[in-house]
Amino acid sequence: MPATPDPFQVAAVDAPWGPIHVAATRRAVVGIAVLSPREPFTDDVARRTGRDLSSSLGSSVLEAAVGAVRAFLDGDPSELEALPLDLADRGPWDQDVLGGVRTIRWGEVTSYGRVARMIGRHGAARAVGGAVGRNPIGLAIPCHRVIAGDGTIGGYGGDWFGSRDQLLEIKRELLAREGVTLPARAIRD
């Protein structure tokens, strides 16, 4: 009989635009979302990962993730960049794309096409955009740092919660916190 996967726990972090929900098992972060209400967020994490929500006391990974999100909002990305992440529910394509996106550092931006080239898939910019839009661990996998090839904003959030305009405003605010002005002139290769 297969072992039941570790349950996950959820916490919320206050942000200027509303809560950021964080989900973690005792080993890794399995979800971070902006603007998502708690119940749809937990339902999505459970569906994606096959894990149950636990009501027991917080795990050290969840506590670290909450602290890392707070530090990120205060201008320090180092804790968020160091968190263990679990992308086991993603297919190989999404894992490759999101792994590439995770290498984009604070204050840098790159384009969908450049992410495609970074992972050895020249010409796959649209497919990269799809994978970025499915990112289940926003901020820790900084999809807000992926912009259009001409240096303009691109998209953000896959339209999961909030309007397109709300999500793009959050992306602009996140980039501004990192010192990025749009249209961006320096796009990382």
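Reader: Is D89 buried, partly exposed or exposed in this model?

Author: Happy to start there, and please keep in mind that the model is a predicted one. Buried would require a relative accessible area under 20%, and exposed one over 50%. D89 has a relative accessible area of 24%, so this residue is partly exposed.

Reader: Which residue forms a salt bridge with D89?

Author: Side chains of opposite charge can pair when their charged atoms come close. For D89, the closest N and O atoms of the bridge are 2.8 Å apart, and the partner is R48.

Reader: How many residues apart in sequence are the parts that R48 and D89 tie together?

Author: R48 lies in helix α1, which covers residues 38-49. D89 sits in the loop between α3 (78-82) and α4. The pair therefore ties together parts whose separation in sequence is 41 residues.

Reader: Does R48 count as buried or exposed?

Author: The cut-off for buried is a relative accessible area under 20%. R48 has 11% relative accessibility, so R48 counts as buried.

Reader: Which backbone oxygen does the side chain of R48 reach?

Author: Leaving aside neighbours within four places in sequence, R48 is in contact with V30, G31, D89, R90 and P136. The side chain of R48 reaches a backbone oxygen at 2.6 Å, and that oxygen belongs to V30.

Reader: Where do E178 and R145 lie, and how many residues apart are the parts they tie together?

Author: E178 forms a salt bridge with R145, with the closest N and O atoms 2.8 Å apart. E178 lies in the segment after α7 (164-177), while R145 is in the loop between α6 (125-133) and β5 (146-147). E178 counts as buried at 7% relative accessibility, and R145 counts as buried at 2%. The parts they tie together are 33 residues apart in sequence.

Reader: Which helix holds both E173 and R177?

Author: The side chains of E173 and R177 meet in a salt bridge, at 3.1 Å from N to O. E173 counts as partly exposed at 27% relative accessibility, and R177 is partly exposed too, at 32%. They are four residues apart, about one turn of the helix, and that helix is α7.

Reader: What kind of aromatic pair do F72 and W106 form?

Author: The count comes to one aromatic pair. In this pair, F72 and W106 are 5.3 Å apart centre to centre, with 85 degrees between the planes. Planes over 60 degrees apart count as edge-to-face, so the F72 and W106 pair is edge-to-face.

Reader: How many residues apart are F72 and W106?

Author: F72 belongs to helix α2 (residues 60-73), and W106 to the loop between α4 (92-102) and β4 (110-111). F72 is buried at 2% relative accessible area, whereas W106 is partly exposed at 24%. The pair links distant parts of the chain, and the separation is 34 residues.

Reader: What is the radius of gyration of the protein chain?

Author: The chain comes to seven helices and five strands. For 189 residues the globule rule gives 16 Å, and the chain comes close to that, so it is as compact as a globular protein of that length. The radius of gyration of the protein chain is 16 Å.

Note on methods:
Residues numbered from 1 in each chain as written. Predicted model: local features only at pLDDT ≥ 70, side-chain atom pairs only at ≥ 80, totals over all residues. Heavy atoms only, no water. Phe/Tyr/Trp six-rings, centres within 6.5 Å; stacked < 30°, edge-to-face > 60°. Helix = DSSP H or I, 4+ residues; strand = E, 2+ residues; numbered from the N terminus. Buried < 20%, exposed > 50% of the residue type's maximum accessible area, 1.4 Å probe, protein only. Polar contact = N/O pair within 3.5 Å; in protein donor to acceptor, adjacent residues only side chain to side chain. Contact = heavy atoms within 4.5 Å. Rg over C-alpha atoms; globule rule 2.2 N^0.38 Å. Salt bridge = Lys/Arg side-chain N within 4 Å of Asp/Glu carboxyl O.
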